[in-house]
Amino acid sequence: MANPDHIRILKQGVTAWNEWRQTHPDIVPDLREAKFGAFRMEGYDLSHCDMRNMRIDSCFLGNLNLSSANLQGVGINNTVLSNINLTDADMSRINIRGSILNGVNMDGADLREAVFVSLVIEKMTMSVFQFK
């Protein structure tokens, strides 16, 4: 279950979130099992976050740093992902459906048991990854 304080800071906006991340570099943000619908998220530093089993529906995600994030079992539906850094992210068992991926970097991502269905993909980088 997500840490309610971390969700509260995230919902305060990108400036509050990124400042909090800079002043608390030793904290691993816990966003596990959080649910976001019709939410716009741009410019957030979500690197190294624990986001396991999150649900993201009908959102816009742009210019996000998700490098080394734990995205195991995340469900993403009908969402636009634009300019997303997923370098070295654990995306095992991620399920992305009916979404648009534009400018997504998945270098070094763990994609074991990942499910991708009905996607529009533009400008995606995947040079080194695990995919079973």
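**Exercise 1.** Which residue in β7 is the bridge partner of Ile 76?

*Solution.* Before we start: this is a predicted model, where local features need pLDDT of at least 70 and side-chain atom pairs count only at pLDDT 80 or more, while totals for chains, interfaces and linings use all residues. Residues are numbered from 1 along each chain as its sequence is written, and side-chain values use heavy atoms, leaving out hydrogens and water.

Step 1: find the strands, which are DSSP runs of E with at least two residues, just as helices are runs of H or I with at least four, numbered from the N terminus. Step 2: β5 (residues 75-77) and β7 (residues 95-97) pair in the parallel sense over three bridges; pairing takes at least two bridges found by DSSP. Step 3: the partner of Ile 76 is Ile 96.

**Exercise 2.** Work out the strand order of the open sheet and name its edge strands.

*Solution.* Step 1: the five strands run β1-β3-β5-β7-β9, with parallel pairing. Step 2: look for strands that pair on one side only, and you get β1 (35-37) and β9 (115-117).

**Exercise 3.** Find the buried side of helix α2.

*Solution.* Step 1: pick out the buried residues (under 20% relative accessible area; exposed is over 50%, partly exposed in between, with a 1.4 Å probe and protein chains only). They're Trp 17, Asn 18, Trp 20 and Arg 21. Step 2: down the axis of α2, these fall within an arc of 155 degrees, so they line one face of the helix; the arc uses directions from the helix axis to the C-beta atoms. Step 3: turned away from that side, you'll spot exposed Thr 15, Gln 22 and Thr 23.
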